[in-house]
Number of protein chains: 2
Amino acid sequence: MRILPFAALAVATLMALPAAAQDLTARASALRDKALADTTGWDVVDSLTTEVGARPVGSPAAQRARDWGVAKLKALGFENVHVEAFTTPAWSRGAESAEVVGPFPQTLHILGLGRSSPTPAGGLTAPIAVFHTYREFLAQPAGSLAGKIAVVTEKMIRTQDGSGYGAINAMRTQGPVEAAKRGAVGYLIRSLSTDDTRLPHAGSANAGGIPAAALSTPDAELLDHMSARGQPVTVRLAMASTYRTDAAAWNVVGEIRGREAPDEVLVVGGHLDSWDPGTGAIDDGAGVAIATAAAKLAGGLHPRRTLRVVMWGSEEQGGSGEAYGAAHKAEVGKMVVVGESDLGAGRIWNLSLPKGSAGTPAMKAFLTAIGPLKVIVNATAPRFGGSDVEGLIAAGAPFVDFNQDASRYFDLHHAADDTLDKIDPAELAQNVAVWAAFLYTVADSDIDFRKAGAEAK
Amino acid sequence: MRILPFAALAVATLMALPAAAQDLTARASALRDKALADTTGWDVVDSLTTEVGARPVGSPAAQRARDWGVAKLKALGFENVHVEAFTTPAWSRGAESAEVVGPFPQTLHILGLGRSSPTPAGGLTAPIAVFHTYREFLAQPAGSLAGKIAVVTEKMIRTQDGSGYGAINAMRTQGPVEAAKRGAVGYLIRSLSTDDTRLPHAGSANAGGIPAAALSTPDAELLDHMSARGQPVTVRLAMASTYRTDAAAWNVVGEIRGREAPDEVLVVGGHLDSWDPGTGAIDDGAGVAIATAAAKLAGGLHPRRTLRVVMWGSEEQGGSGEAYGAAHKAEVGKMVVVGESDLGAGRIWNLSLPKGSAGTPAMKAFLTAIGPLKVIVNATAPRFGGSDVEGLIAAGAPFVDFNQDASRYFDLHHAADDTLDKIDPAELAQNVAVWAAFLYTVADSDIDFRKAGAEAK
């Protein structure tokens, strides 16, 4: 089959459009090129990771991140920059350690899971029961792990679309509760990670579990190797975390008000909070940077509608999307589209548009503009939206999702390795270019995703 | 130019050899195939890293490693298994921490350098002076860094032959002394590493320096980014190391005695000690495993001469080679050849033989046998021998060195990431096969490297 060169397709599409749409396409294409050469996205994530670093909800650094967000949005020329405060539960890491006591004394590298109970002071020492898969662990009857530390060493699968994470996520979120049901006194998992470094990966668990932590992948394999020798292996686990239900937290907001229809709003962003071990570069400094840079660039063309950037303040432990949704419920009807960038800084590799919208002049202009950016436009590409806009979506807001290549994301996610050097500036700029073209074509048109498609109610 | 297929070359070489040499070649080739399929090497390094783990000189784990070595050599059927005790200086890590105090408070990931002085209790806090290259740092005049923590962030270069390490090594070994000369109160370097993980890489410095530590590579880049903002950056460094001059240490020895000439000895090994953060898999569990497995396999054919495996007990901080050399000085004249495997577990990619020896029947048999193992035999390939046999070499022992592919070695070297999962069993087996073929062709022949070449005196 002969494949038409892309340029020919683009020209063909362009020529079929009416003059106003041609103008929109031309402006969106010029914006794309500007975004590819622009360093705003990189500068934002460099600034956040260098000047604030790790910023878990409930920490002093979260306040610094809030102040950083306000200052950054103002410096970039956003209007109506403000903070929306809320309270939310916050789990905070304390001193942690784990070691094999016998028969082969060795230090283990762990990170406690969010919402995990602390151990008694001085830690707890118990024999381990090792399971190679989460299903094997779940097959154990109630009470059968009494007095033991359950260890699950199943490996996460590397995927481009990130589905390997969803497939194994319950091992972390629900595992501590399941371990408690079976009588275990502690719970250790192989990090939900595709890397082979000795850095564990943090993350939240559901409430109600026992002391629980993630092992680095080499440490999980070490316990596999030890237990294969057939002797009982004893581990000491010590965790001194704290948990409170009313931590202060903030969503940071800035706008570029629309030229003609300022009450019609596009709501996009990333989350400002991060887990504590890294500097929150890919999760989610990148998302904050992409949304901020794209809105600034699109806003520079003074579109009809309002572009609003939200830096959500508690995604990792939950709360910021709920708070934002509750505060803005009355406004949902005026939200043209919502979306959160929160799968790192890898290039956008595929996307699907809200159902029925691909044939609109705005989306034709968008798709033409992003042609050179190597994005597969595929009606079956999944759409999620993002944790912080789930509430808005449930309330009826149309949403968009641009799928980033997550092949390497879970090497770094929630680990100390989530640092600025892992971001490829060119891939980051490709994200900014896609988002900028989208924001501009939507904001400078009158597209109504609710009308365009059956999906958007 | 037409390249002769290797098989044709090998057959041509084989056909030109007399019958006895043909037998040696055939036996060495069969040994090669056996070694490629044999798991002894893997089992040894699995056992050492799982059952002992990190084993720095002067630690309780070093004693466990000694006992492990004796038991392992006995279990594998070695004769004359014994321990040769010596005393040596030992630096031991204590609690360590580092953080940026201001203007951007962040935790730094460090590992103190061996022989580093401890800080005062509670640590020291000082502004940093960042240099992007070691030469730039050395260009600072005496006293010019008074009251500062000097930070050198030069990057190590990745190379196949490991030369990138030698090129930058002085930054770690000599830097703390040079920093002291310039008045600095602390010294931080970017880890001598080619990785991008947030795990620092340990290693020794020369005595006489100030408190000194290695930053992970992302942390070194973080300080680069902070200092680029033009404000003074203040760091707190706390290290509570201890140092003593008379730690007990041990070289562990086993032999397979020669059939006809037991007093003619081949001395090969790896070092049993490791740095503390990893489990000492590639440095140097792999070397111990390669030498042990190769000697066992070659010894299984009952060669003429004695094969001796030495697990040297203090390579990282020095002492074991010196002790072994001093104890065996009188025996050097009877040492047929010596060598240490100590550049990880990557495949052997090139080698040169002692000068003048390539034309001997033994070395012809060796080279023919390793033909399928994809080793470049190159008279200009460098030969080092190994830290623990330097003394023997200086005293006149002929030596051999098989160069391992070090492309990935310095991602892992001296870091917590030095764990078993980083070893490719097939690459490890290739090492064992090369060594086994060499040990056998030398031990079952009467080759005299002193006569064969001008180089071996």
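What share of the 457 residues of chain A counts as buried? The figure is 58%, where buried takes 20 or more other C-beta atoms within 10 Å of a residue's own, exposed takes 12 or fewer, partly exposed is in between, and C-beta atoms are placed from the backbone.

A note before the views: this is a predicted model, in which local features need pLDDT of at least 70, side-chain atom pairs count only at pLDDT 80 or more, and totals for chains, interfaces and linings use all residues. Residues are numbered from 1 along each chain as its sequence is written, while chains are lettered from A and ligands numbered from 1 in the order in which they are written.

**View 1. Chain A as a whole.**
Chain A carries 16 helices and 16 strands; these are DSSP runs numbered from the N terminus, with helices being H or I of at least four residues and strands being E of at least two. Its radius of gyration is 23 Å, close to the 23 Å from the globule rule for 457 residues, so chain A is as compact as a globular protein of that length. (The radius is taken over C-alpha atoms, and the rule is 2.2 Å times the number of residues to the power 0.38.) Along the principal axes, the C-alpha atoms of chain A fill a box of roughly 75 × 55 × 40 Å. Among contacts between residues at least 6 apart in sequence, 83% join residues at least 24 apart; a contact here means C-beta atoms, placed from the backbone, within 7 Å.

Domain 1 covers 6-91 + 245-452 and domain 2 covers 94-240, with bounds from an automatic or database domain assignment. Taken over C-alpha atoms, the centres of domain 1 of chain A and domain 2 of chain A are 35 Å apart. Domain 1 of chain A puts 20 residues into the contact and domain 2 of chain A puts in 21. On the domain 1 side, helix 14 (residues 409-412) of chain A gives the most, with three residues. That side of domain 1 splits into ten nonpolar, five polar and five charged residues. (Nonpolar is Ala, Val, Leu, Ile, Met, Phe, Trp, Tyr, Cys and Pro; charged is Asp, Glu, Lys and Arg; the others, Gly among them, are polar.)

**View 2. Chain A meets chain B.**
Each chain brings 21 residues to this contact. On the chain A side, helix 3 (40-51) and helix 9 (217-227) each supply at least two residues, and helix 9 of chain A gives the most, with five. By class, the side of chain A that touches chain B has six nonpolar, seven polar and eight charged residues.

**View 3. Inside the largest nonpolar core.**
This core has 290 residues, and A:A436, A:L439, B:A436 and B:L439 touch the most other members. (A nonpolar core is a set of buried Ala, Val, Leu, Ile, Met, Phe, Trp, Tyr and Cys residues joined through C-beta atoms within 7 Å.) Neighbours within four places in sequence aside, A:L439 is in contact with A:L266, A:V268, A:A294, A:A295, A:A298 and A:L307.

**View 4. Around B:E316.**
B:E316 sits in the loop between strand 12 (305-312) and helix 11 (320-327) of chain B. B:E316 is buried, with 25 other C-beta atoms within 10 Å. Leaving out neighbours within four places in sequence, B:E316 is in contact with B:P56, B:V57, B:S204, B:D273, B:S274 and B:W275.

Most residues other than glycine have a negative phi, and most peptide bonds are trans. The bond joining A:G102 and A:P103 is cis, with omega about 5°, and A:P103 is in the loop between strand 2 (96-102) and strand 3 (106-108) of chain A. B:D283 to B:D284 is also cis, with omega near 5°; B:D284 is found in helix 10 (residues 281-299) of chain B. A:K374 has a positive phi, near 60°, and counts as exposed, with 11 C-beta neighbours inside 10 Å. A:H414 has a positive phi too, near 65°, but counts as buried, with 29 C-beta neighbours inside 10 Å.

How values were computed: Contact = placed C-beta atoms within 7 Å.
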